[in-house]
Amino acid sequence: MSRKVYLDHNASTPVHPDVVAEMMPYFHDVFGNPSSIHGFGRAARDAVDVARERVGRFLAVAPEEIVFTSGGTESDNFGVKGLALARGRGHIITSKIEHHAVLRTCQTLEERGFEVTYLPVDEYGMVAADDVKRAIRPDTIAISVMHANSEIGTIQPVAAIGALAKERGIPFHVDAVQTFGKVAFDVSACGIDMLSFSGHKIYGPKGVAGFWVRKGTRLQSLQHGGDHERRRRAGTENVAGIVGFGKAVEIRSRELKAEGERLTALRDRLWEGVRARVPDVRLNGHPTERLPGTANFSYRGVESESIVLGLDLKGIGVSAGSACTAGSVEPSYVLVAMGLPIDWAMGAVRSSLGRSTTAEDIDYVIESVEPIVRKLRAAMPVGA
């Protein structure tokens with residue numbers, strides 16, 4: 001039986017055993033509604049409060065500024081749409097490589113009369129702060145630029161963009177779903193006003209995420225009903241999920257630095273090994289300003305899906321791009337925005353490493369990918 005190697009941690013991570021253990025009582029013992037005033041409800045409310053404090057401590061923000069949501073997509077919608085609807089009209093700045101949760105929200109807002117500028121990126125997938133500066137108008141009501149892209153891992157200059165936003169008094173939203181718990185950053189020093197982040201990217205459960213909004217930022221709620229989450233998001237809280245999220249954040253706060261260094265070394269080991277064995281391969285994304293565990297390579301003239309399936313037969317799980325665009329036969333919109341030629345863009349494969357990844361896993365992937373690519377290229381029609 002072949003070795004099993006999971007290299008798709010940017011899509012989702014296995015729940016940490018300690019997170020599972022902490023969640024279990026909230027499925028059967030502490031089951032009260034946290035809005036109820038009796039003892040059963042108070043016990044559930046206390047657990048939610050502890051989780052909120054853990055997240056607030058990790059971000060160095062007031063716990064009451066944290067809103068628990070159902071996922072990064074809802075948090076992104078809250079940040080962009082909630083801000084826009086609170087103002088009624090105006091101009092929004094974002095980038096061409098944002099997650100679809102931001103891009104499609106902006107497109108929906110355009111249908112409602114808002115104007116949106118989609119900033120270009122350079123060959124590394126990076127937004128230029130100068131482009132943001134030039135795009136700002138008197139009626140600009142929001143800037144939304146992700147911290148790091150899930151496909152290529154390039155980390156954006158959010159501090160420089162945040163400084164521009166702060167100088168002009170424009171609310172700044174950052175999608176940090178891929179960096180939260182992986183890369184250290186200071187929301188205040190970066191001039192951020194709203195932050196989206198998620199549980200299942202950091203070994204927490206799916207279906208729970210966070211949204212931080214700086215006190216005084218005016219947003220319109222997207223979900224109406226009861227007074228939950230300080231009247232910012234109606235609906236009974238997912239207590240077990242929130243408890244697990246809080247525990248995952250606590251664990252990541254202890255492991256972040258050492259794990260980041262370990263994954264960076266393994267990531268670089270993968271790239272050096274692949275490019276030494278496989279001709280016509282290139283690294284996509286910034287060579288250094290990149291997520292510790294993200295490695296996106298393009299194999300020229302080979303379809304990425306064929307490589308992914310070939311590696312799958314060897315027990316290796318990688319991705320042809322974002323999990324949210326799986327099944328698409330079009331080249332990645334992120335790589336297209338970077339100006340990558342079609343014969344390179346169609347052969348892009350992303351490996352995203354995690355806490356279970358070992359040096360032996362990386363060596364197995366390096367050994368496995370070369371014959372797969374060689375056979376695929378040999379099967380190509382002459383002159384293709």
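The structure is a predicted model, in which local features need pLDDT of at least 70 and side-chain atom pairs count only at pLDDT 80 or more, while totals for chains, interfaces and linings use all residues. Residues are numbered from 1 along each chain as its sequence is written, and side-chain values use heavy atoms, with hydrogens and water left out.

Arg252 is placed in helix 9; helices (H or I, at least four residues) and strands (E, at least two) are DSSP runs numbered from the N terminus. Its relative accessible area of 6% makes Arg252 buried, where buried means under 20% relative accessible area, exposed over 50%, and partly exposed in between (1.4 Å probe, protein chains only). The side chain of Arg252 also meets that of Glu255 in a salt bridge of 3.6 Å, N to O, a salt bridge being a side-chain nitrogen of Lys or Arg within 4 Å of a carboxyl oxygen of Asp or Glu. Arg252 and Glu255 are 3 residues apart in helix 9, so about one helical turn separates them. Glu255 is partly exposed, at 25% relative accessibility.

**Salt bridges**

The structure holds 23 salt bridges. The pair of Glu229 and Arg52 is one of them. Glu229 lies in helix 8 (residues 228-231) and Arg52 in helix 3 (residues 39-59), so this pair ties together parts that are 177 residues apart in sequence. Glu229 is buried, with a relative accessible area of 4%, and Arg52 counts as buried at 5%. In the pair of Arg137 and Asp139, by contrast, Arg137 is partly exposed at 29% and Asp139 is partly exposed at 32%. A network of salt bridges links Glu22, Arg54, Lys247, Glu250 and Arg254.

| Salt bridge | N to O distance |
|---|---|
| Glu229 and Arg52 | 2.9 Å |
| Arg137 and Asp139 | 2.9 Å |
| Arg252 and Glu255 | 3.6 Å |

Rolling a probe the size of a water molecule over the atoms shows where empty space is left. A cavity is defined on a 1 Å grid over the protein atoms alone as a set of points where a 1.4 Å probe fits but cannot get out, and its lining residues have an atom within 4 Å of a point. Grid points are joined across faces, edges and corners, and a volume is the space filled by probe spheres set on the points. By this rule there are 2 cavities of 30 Å³ or more.

The largest cavity has a volume of about 160 Å³. Its lining consists of 18 residues, of which Lys182, Tyr203, Arg252, Leu263 and Leu353 lie nearest the centre. Helix 9 (residues 239-277) provides the largest share of this lining, 5 residues. By class, the lining has 6 nonpolar, 7 polar and 5 charged residues; Ala, Val, Leu, Ile, Met, Phe, Trp, Tyr, Cys and Pro count as nonpolar, Asp, Glu, Lys and Arg as charged, and the others, Gly among them, as polar.

The second largest cavity contains about 60 Å³ of space. Its lining has 9 nonpolar residues, 1 polar residue and no charged residues. Among the lining residues are Leu270, Val274, Phe297 and Tyr299. Helix 9, strand 10 (294-299), strand 12 (348-352) and helix 13 (359-378) each supply at least two residues of the lining. Val274, itself in helix 9, is buried, with a relative accessible area of 1%.

**Backbone and cysteines**

Tyr203 has a positive phi of about 70 degrees although it is not a glycine. Tyr203 is placed in the loop between strand 7 (194-198) and strand 8 (209-213), and at 6% relative accessibility it counts as buried. Ala60 likewise has a positive phi, near 60 degrees, in a residue other than glycine. Ala60 is found in the loop between helix 3 and strand 2 (66-69) and is exposed, with a relative accessible area of 63%.

A search of the whole structure finds 0 disulfides, a disulfide being a pair of cysteine sulfur atoms within 2.5 Å. Cys106 is buried, with a relative accessible area of 0%, and Cys190 counts as buried at 10%.

Conventions:
1 Å grid on protein atoms, 1.4 Å probe; cavity = no way out; pocket = protein on both sides within 12 Å on 5 of 7 lines; lining within 4 Å.
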